[in-house]
Amino acid sequence: ANTTITLPPAADSTPPSVTSFTIPATSSSLTVSVTALGATDNVGVSGYLLTESATKPAASATGWTATPPTSHTFASAGTKTLYAWAKDAAGNVSNSMSASTTVTTTGNELDMSVWVGKWFKMNERYMGYEMQNSIWAKHHETFPAYIKIYEWDPEKNILKADRYEYDAESEEWFTEPLNLNYLSGSILDFLCSAHTIDEQTHSTYGFTARISGSERRGFLEARFKTLGGYYVSVKDGEPGNEYSAGNLIIQGNLISESEVPVPVNILVN
């Protein structure tokens with residue numbers, strides 16, 4: 001009797017190798033450029049990660065990117081060491097290659113660029129009243145939104161951001177600019193304020209908030225929480241406009257870019 005035996009391919013257990021990694025030896029900014037980062041693998045490299053910790057990260061850790069990062073932002077000045085890692089689709093993580101730099105700042109300027117490129121997933125809650133046909137009615141609404149900080153303006157002390165919201169009724173994404181005005185505090189724990197007029201949704205809202213973060217094993221974790229907020233909106237209707245106003249409560253946490261559901265073609269910055 002004859003038989004044909006076909007064995008499945010052997011599991012990929014070979015980790016990638018980081019072949020090159022360089023950063024400038026000195027920097028006058030907390031954001032340091034990555035001048036070279038390369039890696040090879042017997043099948044293919046699927047992710048890159050920079051950490052300030054020499055501990056090997058898990059393949060499921062937050063922060064992995066499909067392409068080599070072009071910069072890294074430190075929370076403070078001093079002599080710093082970065083570790084570059086690579087992983088493959090099978091979850092094998094390479095050994096690291098390290099590079100060091102000395103960051104020197106004037107000490108007089110506020111540098112909040114550590115927040116540039118960061119995403120927050122927000123839970124927004126509106127609690128107030130709306131006027132419909134001369135009758136007051138309670139207006140409560142809760143929905144998720146996403147905020148991306150894309151630039152730090154050191155002259156005006158503003159973190160520039162974009163807010164994204166998905167409307168399930170129209171099945172469309174909406175976006176609007178959002179300026180977070182720095183008020184006081186440290187780089188990783190500070191107070192800010194915002195005031196936005198949205199012409200698209202005919203609404204105005206503002207708030208003060210605390211953004212608090214901490215670095216753990218080279219990763220930044222952060223929380224966003226408003227200390228007070230308000231909203232005013234108007235909708236065109238028959239026989240007249242419908243107005244609503246009340247309290248605005250926003251809470252959220254820092255998430256990795258891979259967890260953001262906003263389509264790439266919707267992104268503004």
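Predicted model: local features only at pLDDT ≥ 70, side-chain atom pairs only at ≥ 80, totals over all residues.
**Strands, aromatic pairs and nonpolar cores**

β10 and strand β11 (residues 158–167) are paired in the antiparallel sense over seven bridges. Within this pairing, Ile-147 stands opposite Arg-163 of β11.

On the side of strand β9 (residues 119–132), β10 is joined by 14 bridges, and these two strands run antiparallel. Gly-128 is found opposite His-139 of β10. The hairpin of β9 and β10 has two residues between the strands, and Asn-133 takes a positive phi near 55° in this hairpin.

Strand β10 also contains Asp-153. This residue is buried but has no salt bridge; Lys-160, the nearest side chain of opposite charge, is 4.3 Å away, whereas a salt bridge requires a side-chain nitrogen of Lys or Arg within 4 Å of a carboxyl oxygen. Residues up to four places away in sequence being left aside, Asp-153 touches Ile-158 and Lys-160.

In one of them, the ring centres of Tyr-146 and Trp-173 are 6.4 Å apart and the planes meet at 55°, so the pair is tilted. This pair connects distant parts of the chain, since Tyr-146 belongs to strand β10 (residues 135–153) and Trp-173 to strand β12 (residues 172–185), 27 residues apart. Tyr-146 has a relative accessible area of 10% and is therefore buried. Trp-173, at 21% relative accessibility, counts as partly exposed. The rings of Tyr-182 and Phe-190 form another tilted pair, because their centres are 5.9 Å apart and their planes stand at 40°. Tyr-182 is buried, with a relative accessible area of 17%, and Phe-190 likewise counts as buried, at 2%.

Tyr-182 and Phe-190 also belong to an aromatic cluster, whose other members are Trp-115, Phe-120, Tyr-205, Phe-207 and Phe-224. The largest nonpolar core has 48 residues, of which Phe-21, Trp-115, Phe-120, Leu-180, Phe-207 and Phe-224 touch the most other members. For Phe-207, the contacts beyond four places in sequence include Leu-178, Leu-180, Cys-192, Ala-194, Phe-224, Leu-248 and Ile-250. Ser-193, Thr-226, Gly-228 and Gly-229 are also among the contacts of Phe-207. Another core lies apart from the largest one; it has six residues, including Trp-119, Tyr-164, Ile-255 and Val-260.

A further group of strands remains to be described. An open sheet of four strands has the order β2-β8-β7-β5, with mixed pairing. Its edge strands, β2 (26–27) and β5 (45–51), each pair on one side only. Strand β7 (residues 78–88) and strand β8 (residues 97–103) run antiparallel and are joined by seven bridges. Thr-81 has Ser-100 in β8 as its bridge partner.

Definitions and conventions: Residues numbered from 1 in each chain as written. Heavy atoms only, no water. Phe/Tyr/Trp six-rings, centres within 6.5 Å; stacked < 30°, edge-to-face > 60°. Buried < 20%, exposed > 50% of the residue type's maximum accessible area, 1.4 Å probe, protein only. Pairing = 2+ DSSP bridges. Core = buried A, V, L, I, M, F, W, Y, C linked by side-chain atoms within 4.5 Å. Contact = heavy atoms within 4.5 Å. Lys, Arg positive; Asp, Glu negative; His and termini not counted.
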